[in-house]
Amino acid sequence: MTATLSPGAMTATLSPGAMTASPSPVYLDHNAATPLRPEVLVDMHDTMRHAWANPSSVHGPGQAARRVLADARARVAGFLGALPAELVFTSGATEANHLAVRGTWAQARLHGRTRVLMSAVEHPGLLALAAQLRDEGAVVDLMPVDTHGRLNLAAARARMGEDVALVSVMGANNETGVLMPVPEVAQLAHACGAALHVDATQLVGKAPLSFADSGADLMSVSAHKIGGPKGTGALLVRKGRTLLPLLAGRQERHRRGGTENLPAIAGFAAACARAASTLQDDLARMLRLRVRLEQGLRQALPGTVLLGEGAPRLPNTVCVSFGGLDAEPVLARLERVGVVASSGAACSAGATQPSHVLLAMGLDARAARSGVRFSIGRDTSAEDIDAAIEASARAIGPLLAERVAAAADTTT
Ligand code: PMP
């Protein structure tokens, strides 16, 4: 699509520059959301202006919108190593996860496959669906992970059986960045005739990814983790596989009803094109920065424990416990000195809840409240990392010193 709106013209009203400008504070929460890229915004705006018609309409404007949709589908599918016909646009990875799991289970249970297996460290939205499915008669077994956060394959194997409809594992964990052994799980699932769903939300743009070669039958992805807009994503469905839709309707080959969110989808495609063009360089650079951050934090703050260290991990994610200090005050102090990070431990009613991921890795409740996640993005610089290390030392050093002094007091 040709852009009819120049990025320069947009700054007056939309300020894309402001969203991607060298961040102050240092933004290290890219696993939660990435800044919208300026070229993405241009394509979205252009689509809103010129492809506003309904892609299902048979008239000229509708057909123009349909071409934009087909073009976006081809670009997103191409980036993910899938066929265009395998791609179902959704409102994001949460919906894609629900469509994959519920849609497969609802169909397979008619043939006696009533059980669903998922890892204990899946995204909270998927674990919430597990609870719903249990209420509806499904048996959902959670598969444990080891102390590094990687799926315990022996335990997974022991849970497989002819009554399993679907096995669901994430490609990479959003809190720790730990990668899951997808090819091995695919073998186990397929050996008992079950489908494999992979929540690849955190893999996209952070690892080479090909749906065709992955062994997965279903794969969820989201646009806002790679510089695209929120509220759009996709489920990849292996050719020939059917599933019951969550939203019945004619769009997306009857797999997801509802008029397509074309501006967001165009933005998703632009983000994929952008990510594809620099992927190898980005991966290498993010890994160098991750190592720099890990080493720097350890040197500056003795007592720093790297969580998931023994497992292969994403090149952008550093999850640490600062001597077991509760994550919430640590994050508040970090933000005051200009570093934005996050924690997997949700905060409710003023108290930090232990992270289900860290609990599953065998940490006790206190330690499971201490995980602080720094996630690097494609625009993060070495200067950002050095600033984050220096600011962390200033913000957290005194907290650690207080803890050491308090421990000394209780022992004397
Ligand atoms: N799965 C994983 C692993 C995620 O990290 C996220 C986003 N935090 C989601 C699913 C949900 O994605 P979305 O925001 O597109 O619904």
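Residue numbers start at 1 along each chain as its sequence is written. Because the model is predicted, local features need pLDDT of at least 70, side-chain atom pairs count only at pLDDT 80 or more, totals for chains, interfaces and linings use all residues, and side-chain values use heavy atoms, with hydrogens and water left out.

I will take the ligand first.

Now the polar contacts, meaning pairs of N or O atoms within 3.5 Å. A polar side-chain atom of Ser 222 is 2.6 Å from a ligand oxygen. For His 224, a polar side-chain atom is 2.9 Å from a ligand oxygen. Ala 93 uses a backbone N or O atom, 2.9 Å from an oxygen of the ligand. The ligand alone exposes 400 Å², and the protein buries 85% of that (Shrake-Rupley, 1.4 Å probe).

Next, the helices H4, residues 60–80, and H11, residues 262–300. Helices here are DSSP runs of H or I, at least four residues. The two axes, lines fitted to C-alpha atoms over the stretch in contact, come within 9 Å and cross at roughly 35 degrees. The residues of this contact (heavy atoms within 4.5 Å) divide into 16 nonpolar, no polar and one charged.

How values were computed:
A polar contact is a pair of N or O atoms within 3.5 Å; within protein, one must be able to donate a hydrogen and the other to accept it, and residues adjacent in sequence count only if both atoms are side-chain atoms. Axes are lines fitted to C-alpha atoms, for helices over the stretch in contact, and angles run from 0 to 180 degrees between N-to-C directions. Helices (H or I, at least four residues) and strands (E, at least two) are DSSP runs, numbered from the N terminus. Ala, Val, Leu, Ile, Met, Phe, Trp, Tyr, Cys and Pro count as nonpolar, Asp, Glu, Lys and Arg as charged, and the others, Gly among them, as polar.
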